[in-house]
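Here is a short tour of one protein model, written to be read with the structure open beside you. We will look at its pockets and then at a pair of packed helices.

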Amino acid sequence: MRWIERLIALRYGISEDTVLNAEAGASPPERAPDPQRLAELLGYLRARAASRHPDDLDYEEAAGSEEYRAYRRYVAALRFFDPGTLASREEQLAFWINLYNGLILDAVVQWRVRRSVRDVPGFFWRAAYNVGGLRFSANDIENGTLRANAPHPAVPGSPFRGTDPRRAFSLARLDPRVHFALVCASRSCPPVAVYSPHRIDQQLDQAATSFIRGGGFELDAPHTRVRLSRLFQWYAPDFGGKWLGIGDKRPILRFIAEYLPPTEARIVQRPWPWDVTFSEYDWSLNGLWSGMVGHADGTD
């Protein structure tokens, strides 16, 4: 473990045993967990969580469901799953995206998060599963695995260093579209979807298009102004920009243009002195608990 990760673990009281699938006494399953089964279970759980409130995840509905109990049984068995059996890039992307999204939903339920994931200190370092005997936090899955071992925007250095065995499961290359598939249980993040290795590239294109056209990009052409989701600032290098979006933002706009309608794409690629700003990120919970007085944004 890197020194900076030791400090983070010490700060938040996180140990190698801090995982959400540490059911005691569980024995190895007769068969290794099927990655496709994860997609099925997440799909069932997503449908149950949205059954009463189409625009919100109902975490109370999810928590009490048989779908959630089946999901919990599945993730308990992941301690005996070898991620090295995910042979192709498509299988790896689909599995780790689905696992990240399931982990975040599971953490919200287990910890009864009511207002925001920010109310749980070190949420993305604390939320973790044991996969094949190794601890993968949400931060590890996002940055170490899916972002091809790229640094966290606020934490220098690659997540998996030296002889860290988790490094073997990092994607070979960073695909920036994963940012539009990962769900952080917050209002400004993408909606939950289920990803399949057979359609992963089509699905990631759809996720990027939906996120960008759905508010991640706002154009004020007469005043040469553009407002972008804060994701494009935090992860600017993934989209061709500089650290934290400092300096020339044209590479980021060129990336975004690929997912815009033709007219807007042509406008945003014009060599004008664009005034680019980044919107505030809404960390309020992307759902509610049935029976709560108030709203999903935490107001009472």
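## The largest pocket

In this predicted model, the largest pocket has a volume of about 620 Å³. Its lining is made up of 28 residues, and those closest to the centre are Phe-124, His-152, Trp-234, Tyr-235 and Trp-283.

Sorted by class, the lining of the largest pocket holds 21 nonpolar, five polar and two charged residues.

## The second largest pocket

Next comes the second largest pocket, with a volume of about 380 Å³. It has 22 lining residues, and Ser-188, Pro-190, Ser-210, Phe-211 and Gly-214 are the ones nearest its centre.

Helix α8 (residues 200-216) gives the largest share of this lining, with eight residues. By class, the lining of the second largest pocket comprises nine nonpolar, nine polar and four charged residues.

## Two packed helices

Now turn to helix α2 (residues 35-49) and helix α5 (residues 89-110), which pack at an angle of about 40° with their axes 10 Å apart. That angle makes α2 oblique to α5. The crossing of the two helices is left-handed.

Which residues make the contact between them? From α2 come Pro-35, Leu-38, Ala-39, Leu-42 and Leu-45, while α5 brings Phe-95, Asn-98, Leu-99, Asn-101, Gly-102 and Leu-105. Eight of the residues in this contact of α2 with α5 are nonpolar, three are polar and none is charged.

How values were computed
Residues numbered from 1 in each chain as written. Predicted model: local features only at pLDDT ≥ 70, side-chain atom pairs only at ≥ 80, totals over all residues. Heavy atoms only, no water. Axes fitted to C-alpha atoms, helices over the stretch in contact; angles between N-to-C directions. Helix = DSSP H or I, 4+ residues; strand = E, 2+ residues; numbered from the N terminus. Parallel < 35°, antiparallel > 145°, perpendicular 65-115°, else oblique. Left-handed = near helix turned anticlockwise from the far one by under 90°. Contact = heavy atoms within 4.5 Å. Nonpolar A, V, L, I, M, F, W, Y, C, P; charged D, E, K, R; others polar. 1 Å grid on protein atoms, 1.4 Å probe; cavity = no way out; pocket = protein on both sides within 12 Å on 5 of 7 lines; lining within 4 Å. Points joined across faces, edges and corners; volume = space filled by probe spheres on them.
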